[in-house]
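Open your viewer and get ready to click along. We will visit a sheet, the helices beside it and a few charged pairs.

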Amino acid sequence: MSTVVRSPGDSLRPPTGVLLSARDLSGCAHRLSLDNSPAARELGVDVDDSPEVARRKEAAVLHRARVRELLRSIHSDQTSSVFVAVDEGPRDRRIEQTLAAAARGVGWIWNATLPDDLVGRRRGHAELLVHDGSGYIPVIVVNHRVTKPLGASAGEGEAPRTIVTSPLWAWLPMPDPTRSLRPNRRDQQRLQHLTELLVAAGLSGERGPGQWRAGVIGMDADCIAVIDLGSMRADFAELTAQRLAVVDQRVSTEPSRIAECRDCPWWPRCEADLVRRDDVSLVVNGMVADALRDNGIATIARLAAADPDDPPPLWRVGSFPDSVAAARCHRTGVEMVRRSEKTPVARADVEVDVDMESYGEDGAYLWGTLLTDRTDPSRPVVYRPFVTWRPLPTTAEAESFAAFWAWLSAERAEAEAAGKTFAAYCYSEHAENRWLRGSADRFAGLPGVPSRAEVEAFIASPQWVDVYAAVSANFYCPSGKGLKRVAPVAGFHWRDEEAGGAASMDWYALAVGLDGSTPDETQRTRLLQYNEDDVWATKILREWMDGEDVKRLPTMRELLA
């Protein structure tokens, strides 16, 4: 987010005529201002996507292509008045085809591009327009999950969100007792944006209260989640007015560091400004930074000098002592702080470090392991990968997973038979747990694949240890708690400087020849080395936590004294 400051003569400045896209409605207002400022042209700032954003967009394009073909096959036995796909090509041509299909009353229009709304100053396109009997509603296709099985998304004491869904073969919205909704603000804003474009184009039909609906097809592509937009229209109109004021330079904006800054081409300029101002957002997240500024604490120096036991009145945005610690760490160069004298982490006689590599939503192609027998120093510590290089998705994934599970189960059984304790470790269990469960579900019944119950029993057991949780409980980490952040403090360094989850996606594509090229053996070696380094990093980190060297770090009490 960014700080927005109203200019004295904002209402006197003429509009620029820039049309808003759905993307312009969310994210950093300061970037929106800079993207539409004279500075963007004068400085020649490259506003292209970062490699990571480009990867996400490529994955979304592939997902939408799969959904398009799925819908085409579902409606293939029906007439062209039911389903039409607008051709790729110049924008004017796509608009022409969209309006022609709508004029014929086509029920489902894929790749719809709508006429610019020069009055409301909007432009956009929808993956799908569906005629609901009154007029057209927008349906977008997204590469994330939009629903969960009923109860899976509700927190303790929280009732599941009610949901309406429609099948893919017809627009038949009905209450769905099997699912709960995963709301996404950006999806809702894009659907509002498209709805207003449909209204401006005269395609929405006559609608009363409760009839402003839209839809989302998510990653699973098994239904359309129906979104009621009626109650959001007033808030959306206000948001649009605010963003237009930013685009027209009728309000001034200031930078404030947020997650979006990582991929922003303007970051070097904003960072220099923030450093010059000693801005608190350099050490705390956006909501905390805003709360601090609201209470007169705008600089790191002032935050570092604050009394951690005397927070501002009505402080409700996280731990104020942690915020003060962040400022003091920044000024002193401290990378981690112990929350107490001891930093416990579970240990066992036989220890196995585990790291999984997946490719998007297509599957987990590699389970890497590192076994340490603390009771037998003569037993070598050996890295064992269980991997398939057949392009995902593939049933060969089941074979590598089954081999991994068989090996892990054998080591657990052998330790138990020898009277030894056993523990397996991962770093941030969410990803591993997801693919442990997902592999058991997807490959149920295949040789060697455990049942879902077996997997759940292992995950719930004390033998499955999340080192990330131990780090979170024992340390304050001002720069984040990712493995790449904390393992170097324990003395571990990756052999490949480019190692990371995002880079591994590119390496995997080359390793298996996803584009039809010859698989690159060097990238396979690179992935195995990266995975091996990850399990070694986990091992070294947890052993460091259980050793003496960790005591060189200051405690929170010492830092805040």
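One term before we start: a residue counts as buried when its relative accessible area is under 20%. Keep in mind, too, that this is a predicted model.

**Stop 1: the sheet.** Select the strands in the order β2-β3-β4-β5-β10-β11-β7-β8, and you have an open sheet of 8 strands with mixed pairing. At its edges are β2 (83-85) and β8 (174-175), each pairing on one side only. Now pick β7 (residues 164-166) and β11 (residues 224-228): they run antiparallel and are joined by 3 bridges. Click S166 and you will find I224 of β11 opposite.

**Stop 2: helices on the sheet.** Show helix α4 (residues 91-103), which packs on the sheet and touches β3 (108-113), β4 (125-131) and β5 (136-141).

Stop 3: Select E127 and R64, whose closest N and O atoms are 3.6 Å apart in a salt bridge. E127 sits in strand β4 and R64 in helix α3 (residues 51-74), 63 residues apart. Is E127 buried or exposed? Its relative accessibility is 5%, so E127 counts as buried, while R64, at 25%, is partly exposed.

**Stop 4: two helices tied together.** Finally, select R452 and D441, which form a salt bridge of 2.5 Å, N to O. R452 belongs to helix α13 (residues 452-460) and D441 to helix α12 (residues 429-442), so this pair ties together parts 11 residues apart in sequence.

Note on methods: Residues numbered from 1 in each chain as written. Predicted model: local features only at pLDDT ≥ 70, side-chain atom pairs only at ≥ 80, totals over all residues. Heavy atoms only, no water. Pairing = 2+ DSSP bridges. Helix = DSSP H or I, 4+ residues; strand = E, 2+ residues; numbered from the N terminus. Contact = heavy atoms within 4.5 Å. Axes fitted to C-alpha atoms, helices over the stretch in contact; angles between N-to-C directions. Salt bridge = Lys/Arg side-chain N within 4 Å of Asp/Glu carboxyl O. Buried < 20%, exposed > 50% of the residue type's maximum accessible area, 1.4 Å probe, protein only.
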